[in-house]
Amino acid sequence: MTTDPQSAPQIDTGRAHPARVYDWLLGGKANYPVDEAVGEKLPAEAKDAARQNRQFMHRAATWLAGRGIDQFLDVGTGIPTAPNLHQIVQRTVPGAKVVHTDNDPIVLRHAEALLISHPDGVTDYIQADVRQPEAIVEHARHVLDFGRPVALSLIALMHFIPDEQDAHGIVRDLVATMPSGSYLVLSHAASDLYPELAAQVTAEYAKGGIKLGFRTRPEVARFFDGLDLVPPGLVTATEWNPPAPGETPEGSGIYAAVARIP
């Protein structure tokens, strides 16, 4: 793999970061006391949400790879936790090309060691922020063929972009660069499924210096405007193609969907 040639910025261990808090929620070790302090104050359901979100990513990536999608742009990849997206898709399509990106410098350090591609495929990484979509796409074009379908993955990312930073516009700009037949995979924390829990999580993250923008179902649905949702549509993370059909999925405060770009 290659990395962005610019020098990686220093890790700020005095300020919590979403990728490291998420790592703590998943039981990882690539976090600092400031991240753990935020995680410990979150309700127990936050760990369930992190697990459910990751399981959705596994199922969605498997579904896409099973349909022959062999190019993935994973924005906001987070700290690599096996199996990561590239590992999942390259099990089905060994030659798949995957570009990961995140804005936390610690992710870069782990990416260099852990984002190891299948010998037949390519795994690349760029240190970048979703609020700079042009830079992400410019780098991705060196690896991915934008003349063929690409799966754009935005897993548990956009609720860290509040409305004043134009979250919907950012996604719209990214989608606009994708060729016809591509897919958008997106999961997003809900403000209207469990309002009290959502308010508690938002407040605790805010105390750690992280502003959240949880959204209602109609607000999340706007990310998919003009796209063709694949069944079962926009549902909770546990309802999207559950592994045991017929069983009642556990409750989830995360919306999730996959949509085809016409």
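**Entry 1: an arginine and its partner**

I start with arginine 148, which counts as partly exposed because its relative accessibility is 34%. The model is predicted, I note before going on. Which residue does the side chain of arginine 148 meet in a salt bridge? I find aspartate 145, at 3.6 Å from N to O. I look up the accessibility of aspartate 145 too: 39%, so aspartate 145 is partly exposed.

**Entry 2: lysine 211 and glutamate 164**

Next I check lysine 211. Lysine 211 makes a salt bridge with glutamate 164, and their closest N and O atoms are 2.3 Å apart. I trace where the two sit, since the pair joins distant parts of the chain, 47 residues apart. Lysine 211 lies in the loop between helix H8 (195–207) and helix H9 (217–221). Glutamate 164 lies in the loop between strand S4 (151–155) and helix H7 (167–176). Is glutamate 164 buried or exposed? I read 56% relative accessibility, so glutamate 164 counts as exposed.

Glutamate 250 has 37% relative accessibility, so I log it as partly exposed. Arginine 51, at 31%, is partly exposed as well.

**Entry 3: H1 against H3**

Helix H3 (residues 45–66) leads me to helix H1 (residues 18–25). I see the two pack at an angle of about 100°, with axes 9 Å apart. Angles from 65 to 115 degrees count as roughly perpendicular, so H1 is roughly perpendicular to H3. Which residues of H1 meet H3? I list Tyr22, Trp24 and Leu25. On the H3 side I list Ala46, Lys47, Ala50, Asn53 and Arg54. I sort the residues of this contact into five nonpolar, one polar and two charged.

**Entry 4: the cover on H1**

I check how much of H1 is covered. Six of its eight residues are buried, so I call H1 mostly covered. Among the buried ones I note Ala19, Arg20, Val21 and Asp23. Trp24 and Leu25 are buried too, and both meet H3. Last, I look past H1: glycine 27 follows, with a positive phi near 85°.

Note on methods:
Residues numbered from 1 in each chain as written. Predicted model: local features only at pLDDT ≥ 70, side-chain atom pairs only at ≥ 80, totals over all residues. Heavy atoms only, no water. Axes fitted to C-alpha atoms, helices over the stretch in contact; angles between N-to-C directions. Helix = DSSP H or I, 4+ residues; strand = E, 2+ residues; numbered from the N terminus. Parallel < 35°, antiparallel > 145°, perpendicular 65-115°, else oblique. Contact = heavy atoms within 4.5 Å. Nonpolar A, V, L, I, M, F, W, Y, C, P; charged D, E, K, R; others polar. Buried < 20%, exposed > 50% of the residue type's maximum accessible area, 1.4 Å probe, protein only. Salt bridge = Lys/Arg side-chain N within 4 Å of Asp/Glu carboxyl O.
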